[in-house]
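Subject: Model for you to look at

Hello,

Here is the structure I promised. Please open it next to this message; my notes follow below.

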Amino acid sequence: MKQNVQIVWFKRDLRVVDHEPLVRAAARGPVLPLYIIEPDLWAQPTMSGRQWAFIRESLSGLECALRALGAPLVLRSGCAETILENLRLRHGSVDLWSHEETGDAWTFARDRRVLSWARGQGVAWHELPAAGVVRRLASRDGWAGDWERRMAKPVLAPPALRATSEPQGLWAEPVLPPDPCPDRQTGGRDAGLSLLDGFLGTRGRTYRRAMSSPVTAFEACSRLSPHLAWGTVSARETVQAARTARRGVADSRDGWAGSLDSFVSRLHWRCHFMQKLEDQPSIETRCLHPAHESLRPRGGHPERLAAWVAGETGLPLVDACMRALRATGWLNFRMRAMVSSLAGYHFWLDWRDYGPPLARYFTDYEPGIHWSQVQMQAGATGINTPRVYNPVKQHLDQDPEGVFVRRWVPELAGVPASQLHQPWMLDPASQRAAGCVIGRDYPAPVVDHAAAARLAKEILFAARRADPGFSDEKARIIKRHASRKRPNDRNPQPRRPVARTQLAFDF
């Protein structure tokens, strides 16, 4: 009996290890591994050339792995449902396999179109869970326990594949504007495994204490975030590798055990935030708490947005972070939170205006984390304590000697460390002596950060007080989205929902 061709559609899962759709498809018949380059996806304001470059390198590694298993990767360019229909017509009868995708509004709409096509053509589409995200989740109660059970399942070995007659054919890369990122991380599973091994072997020892400072975070963090975002490594194999390493480390004073515990905790929180977008896709486009919906003007203060994007705000640590992000595609969480907070509070920009350019800069753009976090840092969730970062204090706390700032804002190289955090306070003679005249060689601050922070908090809290239903809506949001902890022997009662105010994804 002729078997259906099993199309395995790769999306944010560019690997063959721990890939359940691939394993199950291989048991059913000949496999056609497929990746679709969708021009309309790459036209979205959150997508960029650096992301595609990372994916292209990852596809190269995926192609080699699939060919070794017996079936080469087929690349096609165009509309997903059109390509799938062409494959159905060519092969007569097909099944479709993929992981569930917690993506943005565009991918959600595309998947609805593909589902409509599959039902209309009688094609079975097998969508299997990815990571710890649960589709159609009825309640967050018990979610943490389910995450643990998913992470404990065995990592799946890649299967042998029977190939189809489908030619690899021709395909076109997306047309994207120039996006120089000279220090971008390399894509592909080999690069991801190398990072994981290095982190669990030596680099992660100082992770817990070094993750917050941009001076140390680029080396101390795992840097796995783009590999987790695009799926060259799986969350499950990462969690299991970290826990294996943890079992080999004693609870010593050097912090190694605590660093590994923190790393696993952040892998848990990664899925926690992705679950929020899965449960409520409107988080990408609407304030989680409606009281904040019209608080800031959409499209307001374009000159501030331009200065923020360019790293020309006149606030040294903010500018250094934005320039480093442009050049590397990565930033540690504390600095991501700070630049988002500055945009939302001090510059009074709507998070929907600065969220897309920030996403484009991130090689590791993960919609579920990104949109929840920009809302949180803008105070738009209604359930988190507003965190209004002081850029001067952060500079003194995280880069007291100015190592990071001097690297990325060379205009300030001659400014003494004692004044580097606020160079606008130097008198004109000292500015000339330092070789940096404020307003000529380096911009004056676009806002008075202290006054702007005070005004932002006044407006935010006044809006909350003026809304008679604010507390009721806040309680509803907490019940739907906030974290729970599982009962244990010392505390047998289920914990109430908790809205966390500071979480880190320093992968």
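Helices (H or I, at least four residues) and strands (E, at least two) are DSSP runs, numbered from the N terminus. R236, for instance, is found in helix 11, residues 235-247.

Two words on provenance. This is a predicted model, in which local features need pLDDT of at least 70 and side-chain atom pairs count only at pLDDT 80 or more, while totals for chains, interfaces and linings use all residues. Residues are numbered from 1 along each chain as its sequence is written, and side-chain values use heavy atoms, with hydrogens and water left out.

R236 is buried, at a relative accessible area of 16%. Here buried means under 20% relative accessible area, exposed over 50%, and partly exposed in between (1.4 Å probe, protein chains only). Contact means heavy atoms within 4.5 Å. Neighbours within four places in sequence aside, R236 is in contact with D18, R150, M151, K153, P154 and V155.

D18 counts as buried, at 3% relative accessibility. Its phi is near 55°, a positive value in a residue other than glycine.

A131 also has phi near 55°, again positive in a residue other than glycine. A131 lies in the loop between strand 5 (125-128) and helix 6 (143-152). At 32% relative accessibility, A131 counts as partly exposed.

The cores

A nonpolar core is a set of buried Ala, Val, Leu, Ile, Met, Phe, Trp, Tyr and Cys residues joined through side-chain atoms within 4.5 Å. The largest one has 111 residues. Those with the most contacts inside it are F10, Y35, L59, W308 and M338. Take Y35: leaving aside neighbours within four places in sequence, Y35 is in contact with F10, K11, L14, W52, I55, L59, L73, V74, L75 and R76. A second, separate core has 18 residues, including L32, L84, L87 and V123.

Helix packing

Two packed helices are described by the angle between their axes and the distance between the axes. Axes are lines fitted to C-alpha atoms, for helices over the stretch in contact, and angles run from 0 to 180 degrees between N-to-C directions.

Start with helix 13 (302-310) and helix 14 (316-328). Helix 13 and helix 14 pack at about 65°, with axes 7 Å apart. W308, V309 and A310 of helix 13 meet V318, M322, R323 and R326 of helix 14. That contact divides into 5 nonpolar, no polar and 2 charged residues. Ala, Val, Leu, Ile, Met, Phe, Trp, Tyr, Cys and Pro count as nonpolar, Asp, Glu, Lys and Arg as charged, and the others, Gly among them, as polar.

Next, helix 14 against helix 15. Their axes come within 10 Å and cross at roughly 115°. The crossing is left-handed, meaning that the near helix is turned anticlockwise from the far one by less than a right angle (clockwise would be right-handed). L317, V318, C321 and M322 in helix 14 meet M335, M338, V339 and L342 in helix 15.

Then helix 15 (333-346) against helix 18 (391-398), with an angle of about 165° and axes 11 Å apart. That makes helix 15 roughly antiparallel to helix 18. Angles over 145 degrees count as roughly antiparallel, under 35 as roughly parallel, 65 to 115 as roughly perpendicular and the rest as oblique. Helix 15 passes helix 18 in a left-handed crossing. R334, M335, M338, L342 and H346 of helix 15 make the contact with P391, Q394 and Q398 of helix 18. These residues divide into 4 nonpolar, 3 polar and 1 charged.

Other sites

- L295 sits in the loop between helix 12 (256-279) and helix 13. L295 is buried, at 16% relative accessible area. Neighbours within four places aside, L295 is in contact with W348, I459, L460 and A463.
- E81 is in helix 4 (80-91) and counts as buried at 15% relative accessibility. Beyond neighbours within four places in sequence, E81 is in contact with R113, V114 and W117.
- P416 is found in the loop between helix 19 (403-408) and helix 20 (428-434). P416 is partly exposed, with a relative accessible area of 40%.

Best wishes
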